[in-house]
Amino acid sequence: MKYYITTPIYYPNSSPHIGTAYTTIAADAMARLRRMKGDEVYFLTGTDENAQKIVRTAENAGMDPHAYVDGIVDKFKAFWRALNISNDDFIRTTEERHAKVVQMIFTRLYEQGDIYKSEYQGWYCTPCETFWTENKLVDGKCPNPDCGREVELLKEESYFFRMSKYADRLLNYIKDHPEFIQPASRRNEMIKFIEGGLEDLCVSRTTFKWGIKVPFDPKHVVYVWLDALINYISALGYPDNDKYKKFWPASVHLVGKDIVRFHTIIWPIILMALDVPLPEKVFGHGWFLGKEGGKISKSKGNVQDSFELINRYGADAIRYFLLKELQYGMDGTFSEDDLVERLNSDLANDLGNFVSRTLAMVVKYRDGIVPEPGEDSDLEREIKQLSRDVKKGTEDKMLACDTAGALECVWQFVSKCNKYVDETAPWNLAKDPMNEKRLNTVLYAFVECIRILGILCAPFMPGVPDKIKPLLGNTDYFSDWEQADKWHILKPGTMIQKGEPIFPRIDVKAYLDELNAQAERSENIVQTADVMVPLKEEISIEEFAKLDLRVVKVLQAEKVEKADKLLKLEVEMGSEIRTIVSGIALHYSPEELIGKKVILVANLKPAKLRGIVSQGMILAASDNGVLEVLSVLKDIPSGAQVK
Ligand code: MSP
């Protein structure tokens, strides 16, 4: 089967944040599950770059919009990598492959009479990139309940898309295809909206230059939503690329509730006008709200540094929390306290503890060697039946885009596993040699449960199989979903390891104490270097001024293969991302560096180290085998100069 799933393309007017992460993580979990089921999957995400608000933000920052956008797009890509997102493609609407399809479609719609030229008079909301008629405004402001900001009066020559012509056809389609818009509440909203009458949509602007030009009338640029929606087919090479023929129509467009209207009214009408089949489903999920209410968004100033959160708690824990928190179609709240609580209870306690305590028993009672099981009792028959129900239930929930429901299903199995340990009480069986066979059966079932849990968790937390694999003899049991309800897969005789807990408990108090202690320690150190290296020759202030030192923030860090001392870092310097190779691997683990602000010699000529171009050098102090990278204690923004 083929499966094509998309996320919205994000506006790169500001860095990605935890609120924007939900859709991409959910799409990733769905894509991973389908791949594990053997489907041919195409998973697309990207950035929506031709919006007017991007030019405004760049101008306010005193930057060229291209350079500004490039910097933010790099951050999106780094963010998705840090969250283990497995997208097959990343489309940018400033790419030629996209622009040429938009121009071709605009021309075709014009030639067939679905786009016509007229004059627009009305109001434009730049944050929402939406046109409004006077009577829709609320107190003269944007009527979108989440916005309410100032709108601008527009009077310009414009092209219009004949939406009205397709209104009845669309309405019939939505009524005949209940699965097209989900959840049902959003479907009803859309039906009401269309029944209220569709006006033709203004689809070009003349007052600014940023965007894709109307090919036959280049003083116009294409309206950003018309341009953006087309990404779902331009990325596949519409109209004649094989990828397009194979993967279109999309299986699901996953979007936030705020943009369901664009995806279920404007987009299907464009497709109808082009005589192209409609996507099978548009699913509109709820929002993440901050603790004090209100959507988490950059403009509300309630976002936390998402890279730091990933660094502190790990991608798996963040993914788990977000996927579990948004109940089907509803809003949810994000707070670090709740995240820690979930991590400690569901991941460290329920899942992690089951793995550690059962493996410890295999080590204790059978020297770590997985025994050959004997006859099943009712308890084994019950847990085996549950594995079949859970596998099927999880698949069904994911088909319905219900990530929280799917994880609840998986956790039924986790709870059952813990209950099975209590019911079988292996510590009692071990007391009597008569029970040897029974104990073998139970211990074998434990290890099989861990294998199955590795599979069930893999779409949601792709790091879990990596953590479990070395414990179960380094065999990859986790990439085939169909094996989640099969038993007797793991070979008796396999040597297992007790290992470290797969999700260590977070002791928040200890974490904060350690931070304070570190700060104190660094204040109290009064020492002299063991061997004082002779001072170098004097230089002038002008010579020193040639050095361009900058504060940079480490976004990603990883070991360089076959080089013990080298780490490859991705650092953020203002809106730019650089790759740095640094010889500090013996002193820092990659995790310790992520999120740290360090000092970069930014104008050092790039040099190639182990085939990687290093764009600068990180400063560090060292003496007698001790090394510490230089950092800043206050929250100085990345890109700031050090002088
Ligand atoms: N560029 C358009 C989409 C074009 S798709 C052809 C856009 N971009 S956006 O960056 O503003 O938002 C992208 C998605 O992120 C939206 O679906 C939005 O709902 C989602 N989210 C942004 N903040 C969010 C939360 N706080 N919570 C959940 N989703 C959130 O709209």
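A: A backbone N or O atom of G256 lies 2.8 Å from an oxygen atom of the ligand, a polar contact, that is, a pair of N or O atoms within 3.5 Å. This is a predicted model, in which local features need pLDDT of at least 70 and side-chain atom pairs count only at pLDDT 80 or more, while totals for chains, interfaces and linings use all residues. Residues are numbered from 1 along each chain as its sequence is written, and side-chain values use heavy atoms, with hydrogens and water left out.

The shell holds 24 residues around the ligand, each with a heavy atom within 4 Å of it. Those that come nearest are I9, D48, G256, D258 and F288. By class, the shell divides into 13 nonpolar, 8 polar and 3 charged residues; Asp, Glu, Lys and Arg count as charged, Ala, Val, Leu, Ile, Met, Phe, Trp, Tyr, Cys and Pro as nonpolar, and the others, Gly among them, as polar.

At least two shell residues are supplied by each of strand 1 (2–10), helix 1 (18–36), helix 7 (224–229), helix 8 (231–234) and strand 11 (252–256). Helices (H or I, at least four residues) and strands (E, at least two) are DSSP runs, numbered from the N terminus.

Conventions:
A polar contact is a pair of N or O atoms within 3.5 Å; within protein, one must be able to donate a hydrogen and the other to accept it, and residues adjacent in sequence count only if both atoms are side-chain atoms.
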